Amino acid sequence: MTRYDILTAIPTAFGRDGALDLEGSRAIFRYVAASGNEGAFVLGTTGEFPAVDVEEFSDLVAAALDELADRMRVIVHVGRPSTFEAVRLTRIARDLGAREFAALTPYYLRSSDDAVYEYFRAVSDAVGDGRLYVYVYPARSGNPVTPQLLVRLAQLPNVVGAKVSELSLEDLAAYRAVVPADFELYTGADRDLIAAVEVGAQGVVSGVSSVTPKPFRALAEAGRSGDAAAVAVAQVAVDEVVSVVGGDMARMKEAYRVLGVTDAYCRMALDEPDAAARAAVAAVVATHG
């Protein structure tokens with residue numbers, strides 16, 4: 001059966017001073033829990049994971065599982081520059097009850113394919129009886145994953161799929177052509193749900209769906225129905241919200257203010273939206289929220 005999964009990449013709430021806002025994050029989790037989406041991707045890029053320390057990681061994972069696990073799948077991102085750190089976070093999340101994980105490749109320093117393989121072998125071992133996704137994002141990590149390497153990683157006992165960001169549909173198709181049939185592929189391109197499924201993916205990991213889930217649900221349902229006209233209409237709506245919100249976490253948090261979810265800010269060095277951007281976010285939320 002063809003799948004059109006929407007896994008919501010969830011932002012983390014911080015105060016204006018940069019302090020973690022755990023209650024604000026819980027409010028975001030509850031909002032996402034009501035979306036109808038198939039899953040949540042916690043503490044990934046959208047969650048500003050490089051700026052979160054180990055204690056905050058533990059608190060956020062516990063809160064996410066508490067607010068989300070009864071409503072949808074919860075995939076906890078544990079990727080770090082070192083195997084030691086990635087394994088440590090995996091064990092923390094597993095002890096808290098997580099059973100699905102994603103790990104970005106090692107980043108900052110360039111790693112060989114063998115080093116990347118050993119990193120994922122160790123994380124896979126730490127996952128235990130859980131499920132692990134390879135997070136492929138060479139534009140940020142500096143470490144590409146060739147189809148040949150992904151084939152090797154797919155043979156690890158707990159590696160069940162990959163999340164692929166800022167690569168082309170042709171790259172996604174190249175992965176699909178060599179990995180096992182039951183290996184799951186997700187695109188990180190919010191607007192590419194239908195196009196990615198057409199080349200063999202199972203869905204999208206979408207940050208924009210964290211604030212405007214309705215057009216994404218409509219697009220997924222249209223895809224499942226096979227109604228080309230409905231797909232075209234829903235795609236226009238998704239394209240509109242993506243063009244305004246995009247991968248901009250500050251704009252996502254502006255949307256939460258407009259929606260009355262929480263008053264959240266970014267911890268990382270990101271520009272706050274100006275007056276024109278705030279007006280555009282408010283308009284798109286009014287239309288599609």
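Mentor: Before we start: a helix axis here is a line fitted to C-alpha atoms over the stretch in contact, and angles run from 0 to 180 degrees between N-to-C directions. Keep in mind that this is a predicted model.

Trainee: Okay, are H4 and H6 roughly parallel or roughly antiparallel?

Mentor: Take helix H4 (residues 113-127) and helix H6 (residues 147-154): their axes come within 10 Å and cross at roughly 25°. Angles under 35 degrees count as roughly parallel. So H4 and H6 are roughly parallel.

Trainee: Over at H11, which residue caps the N-terminal end?

Mentor: Helix H11 covers residues 249-259, and Gly260, with a positive phi near 80°, follows it. At the N-terminal end, a side-chain oxygen lies 3.0 Å from the backbone nitrogen of Ala250. That oxygen belongs to Asp248.

Trainee: Which helices are among what covers the buried residues of H11?

Mentor: The buried residues of H11 include Met249, Met252, Lys253 and Tyr256. Their cover includes helix H1 (22-33), helix H10 (228-245) and helix H12 (275-288).

Trainee: Last one: does Asp192 count as buried, partly exposed or exposed?

Mentor: Asp192 sits in the loop between strand E7 (184-187) and helix H8 (193-198), and touches Leu169 and Thr187, leaving aside residues up to four places away in sequence. Buried would need under 20% relative accessible area, and exposed over 50%. Asp192 has 23% relative accessibility, so it counts as partly exposed.

Note on methods. Residues are numbered from 1 along each chain as its sequence is written. This is a predicted model: local features need pLDDT of at least 70, side-chain atom pairs count only at pLDDT 80 or more; totals for chains, interfaces and linings use all residues. Side-chain values use heavy atoms; hydrogens and water are left out. Helices (H or I, at least four residues) and strands (E, at least two) are DSSP runs, numbered from the N terminus. Angles under 35 degrees count as roughly parallel, over 145 as roughly antiparallel, 65 to 115 as roughly perpendicular and the rest as oblique. Buried means under 20% relative accessible area, exposed over 50%, partly exposed in between (1.4 Å probe, protein chains only). Contact means heavy atoms within 4.5 Å. A polar contact is a pair of N or O atoms within 3.5 Å; within protein, one must be able to donate a hydrogen and the other to accept it, and residues adjacent in sequence count only if both atoms are side-chain atoms.
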